[in-house]
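Subject: Structure handover

Hello,

Here is the structure for your files. My notes on what was found in it follow below.

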Amino acid sequence: MHSKTSIKRGRFLETSAAAIGTAAASYSFASAQTEAVAASAAGKPSIVFCHGLWADGSCFTKVMGPLQAKGYDCIAAQYPLNTPENDVTFAKWAMDVVTGPIVLVGHSYGGSVITAAGTDPRVKALVYINALAPDTDAGETSQSIQAKFPATDVLKHVKVVDGRIWLTKEGLQYFCGDLPATEQQLVWATQGAPAADIFAHDAPGVAWKTKPSWYIVGTKDHTVNPDLERFLAKRMKAKTTELDSSHVPMLSQPDRVVEVILSAAQSV
């Protein structure tokens, strides 16, 4: 049998939880309204980031800080790397949190994500960082466009466990070899392992056919073939910047990447 004290305590906790929930909802709504007004008043686009394989949204922290300091509202989509369609849904949820217009930034496989998500009318510019950009209208996938170019070294250093592809520590030099050793270990420790068949198909929509695009090519990329990057950049008629970098210039050369994103943002 419960004592009167325990019953009262239970009711108190239930009442408190409800009150906290209501207050949090009210605060979140008011806070969101305030942020929306501030962003609108600033007259600047929001910037939404989409990560690639063996990564999560934290891979953009070195570029988000300087952009936020300049008054840009930034958010990184966090998605599970299960299917392109699902990942695009997560990206659009992130887009719903900020105010438009929007600049979409995609790294690696994240380029496939922004290619589909970027068809949203709120998106005014696209930035591709060492990224894929399939033409799904023509039946391309992230896998088929890579198959047209020589395979890269990183693919020799992955392993499949329970249907997920993991980057091994031996593969770090081919993924982020221009980072200090301590940072390379952090990249490995925070990796997101994709479904083994994630490249086999892509979500519909080809935003780069109608939206202005910027493209960063990593000339020392051993994850996505630099010649494939150049081909994609030329095909989408992107404003192209070549950096002497690995697959992760947003970590190894963040200042240069910020310059490119600012160019895109200032065009909106």
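Helices are DSSP runs of H or I with at least four residues, strands are DSSP runs of E with at least two, and both are numbered from the N terminus. This is a predicted model, in which local features need pLDDT of at least 70 and side-chain atom pairs count only at pLDDT 80 or more, while totals for chains, interfaces and linings use all residues. Residues are numbered from 1 along each chain as its sequence is written, and side-chain values use heavy atoms, with hydrogens and water left out.

Overall

The chain has 10 helices and eight strands. Of its 268 residues, 47% are buried; buried means under 20% relative accessible area, exposed over 50%, and partly exposed in between (1.4 Å probe, protein chains only). The accessible surface of the chain is about 12800 Å², and carbon and sulfur atoms account for 58% of that. These areas come from the Shrake-Rupley method with a 1.4 Å probe, and for residues only the protein chains shown count as cover. A contact means heavy atoms within 4.5 Å. Taking contacts between residues at least 6 apart in sequence, 69% join residues at least 24 apart.

The disulfide count is zero, where a disulfide is a pair of cysteine sulfur atoms within 2.5 Å. Cys59 is buried, at 8% relative accessibility, and Cys176 is buried too, at 0%.

Backbone

Most residues other than glycine have a negative phi, and most peptide bonds are trans. Some places in this chain depart from that pattern, as listed here.

- The peptide bond from Gly100 to Pro101 is cis, with omega near 0°. Pro101 sits in the loop between α3 (84–97) and β3 (102–107).
- Leu81, which is not glycine, has a positive phi, near 60°. It lies in the loop between β2 (74–77) and α3, and it counts as buried because its relative accessibility is 2%.
- Lys237, also not glycine, has a positive phi, near 55°. Its place is the loop between α8 (226–235) and β8 (239–243). Lys237 counts as exposed because its relative accessibility is 72%. Lys237 and Tyr215 are 22 residues apart in sequence, with 9.3 Å between their C-alpha atoms.

Helix α4 and its cover

How many residues of helix α4 (residues 110–117) are buried? Eight of the eight are, so the helix is largely enclosed by the rest of the structure. The buried residues are Gly110, Gly111, Ser112, Val113, Ile114, Thr115, Ala116 and Ala117. Their cover includes β1 (46–50), α3, β3, β4 (123–129) and α5 (142–146).

The axes of α3 and α4 are 9 Å apart, and the two helices pack at an angle of about 65°. That makes α3 roughly perpendicular to α4. For these values, axes are lines fitted to C-alpha atoms, for helices over the stretch in contact, and angles run from 0 to 180 degrees between N-to-C directions. Angles under 35 degrees count as roughly parallel, over 145 as roughly antiparallel, 65 to 115 as roughly perpendicular, and the rest as oblique. The α3 and α4 crossing is right-handed; a crossing is right-handed if the near helix is turned clockwise from the far one by less than a right angle, and left-handed if anticlockwise. On the α3 side, Asp87, Val88, Ala91, Lys92 and Met95 meet Val113, Ala116 and Ala117 of α4.

Helices α2 and α10

Helix α2 (residues 61–69) packs against helix α10 (residues 254–266) at an angle of about 55°, with 9 Å between their axes. That makes α2 oblique to α10. Here too the crossing is right-handed. The residues that meet are Lys62, Val63, Pro66 and Leu67 in α2, and Pro254, Val257, Val258, Ile261 and Leu262 in α10.

Pro194

Pro194 is in the loop between α7 (181–189) and β7 (213–218). Is Pro194 buried or exposed? At 0% relative accessibility, Pro194 counts as buried. Leaving aside neighbours within four places in sequence, Pro194 is in contact with Leu53, Trp54, Leu81, Gly163, Arg164 and Ile165. Trp54 is 140 residues from Pro194 along the chain, yet their C-alpha atoms are separated by 7.3 Å. Leu81, another of these contacts, has the positive phi given under the backbone heading.

Regards
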